[in-house]
Amino acid sequence: MPSKTRLKREEAAAISQPDEGPAREPERQFEFVLHLVSRSILRFYNSHFRSLGLTSNEAGILLQLEWAGLFNQMEIARSLGIGKAATGALIADLEARGLLQRRRSSTDARQIDVTLSESGREMIKKINARIKSVTPILLSGVTDAQVQEVLAVLLRVHQNSSELDDPSRNDAPDAPCAP
């Protein structure tokens with residue numbers, strides 16, 4: 001008998017991709033619109049952070065450090081959804097520019113802890129001011145209730161995709177079938 005997860009995935013596929021009728025417009029497909037919005041926001045923030053000498057990923061690392069206080073490279077990579085190697089390169093660059101500091105963890109010598117420097121805290125103020133000034137532009141015409149509803153949906157989709165992305169799952173897409 002198929003697992004509940006597999007049934008849910010198959011039911012969702014049947015709903016989102018009907019067998020009959022004309023091809024759907026890309027602007028009506030969840031994945032397409034999500035990708036479109038994601039890329040658009042990324043370009044928007046990259047253009048605004050460029051004047052600060054940062055990319056959106058670099059700003060994201062600094063913001064994660066501000067919110068959490070202390071992180072290691074693995075946690076930062078996971079929270080931003082980027083690879084460990086890419087995260088390491090970004091952290092090394094930010095450290096070279098004096099915006100953060102790395103040190104060996106006092107509890108696990110294999111781990112490197114990353115914290116904001118004083119210059120990094122000053123940069124955070126600039127980043128937050130930039131975000132505060134552009135958020136009303138991004139959310140123009142969108143109510144607070146709509147934002148909360150979209151956040152709940154996106155967090156659920158993120159949770160679902162994270163679970164499906166786990167290679168240890170037996171029912172994950174493209175997982176080898178047991179003989």
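The lining of the largest pocket in this predicted model comprises 24 nonpolar, 11 polar and 2 charged residues. In total, 37 residues line the pocket, and the space within amounts to about 2100 Å³. Leu-34, Ser-38, Ile-41, Leu-151 and Leu-154 are the lining residues that lie nearest the pocket centre. Five helices each supply at least two residues of the lining, namely α2 (30-50), α3 (56-68), α4 (73-80), α6 (118-138) and α7 (144-164). Of the lining residues, 11 come from α2, which is the largest share.

The secondary structure of the protein consists of 7 helices and 3 strands. Along the sequence, these elements follow the order α-α-α-β-α-α-β-β-α-α. The protein has 179 residues, of which 21% count as buried. Among contacts with a separation of 6 or more, 52% are between residues 24 or more positions apart.

Two of the helices that contribute to the pocket lining, α3 and α6, also pack against each other. Packing of two helices is described by the angle between their axes and the distance between the axes. For α3 and α6, the axes come within 10 Å and cross at roughly 105 degrees. Angles of 65 to 115 degrees count as roughly perpendicular, and α3 and α6 are therefore assigned to that class. On the α3 side, the contact is made by Ala-59, Leu-62, Leu-63 and Glu-66. The α6 side contributes Met-123, Ile-124, Ile-127, Asn-128 and Ile-131. By class, this contact has 7 nonpolar residues, 1 polar residue and 1 charged residue.

The relative accessible area of Ile-124 is 4%. Because buried means under 20% relative accessible area, Ile-124 is classed as buried. With residues up to four places away in sequence left out, Ile-124 touches Leu-62, Leu-63, Glu-66 and Leu-116. Ile-124 and Glu-66 are 58 residues apart in sequence, and their C-alpha atoms are 7.5 Å apart in space.

Terms used
Residues are numbered from 1 along each chain as its sequence is written. This is a predicted model: local features need pLDDT of at least 70, side-chain atom pairs count only at pLDDT 80 or more; totals for chains, interfaces and linings use all residues. Side-chain values use heavy atoms; hydrogens and water are left out. On a 1 Å grid over the protein atoms alone, a cavity is a set of points where a 1.4 Å probe fits but cannot get out, and a pocket is an open set with protein on both sides within 12 Å along at least five of seven lines; lining residues have an atom within 4 Å of a point. Grid points are joined across faces, edges and corners, and a volume is the space filled by probe spheres set on the points. Helices (H or I, at least four residues) and strands (E, at least two) are DSSP runs, numbered from the N terminus. Ala, Val, Leu, Ile, Met, Phe, Trp, Tyr, Cys and Pro count as nonpolar, Asp, Glu, Lys and Arg as charged, and the others, Gly among them, as polar. Axes are lines fitted to C-alpha atoms, for helices over the stretch in contact, and angles run from 0 to 180 degrees between N-to-C directions. Angles under 35 degrees count as roughly parallel, over 145 as roughly antiparallel, 65 to 115 as roughly perpendicular and the rest as oblique. Contact means heavy atoms within 4.5 Å. Buried means under 20% relative accessible area, exposed over 50%, partly exposed in between (1.4 Å probe, protein chains only).
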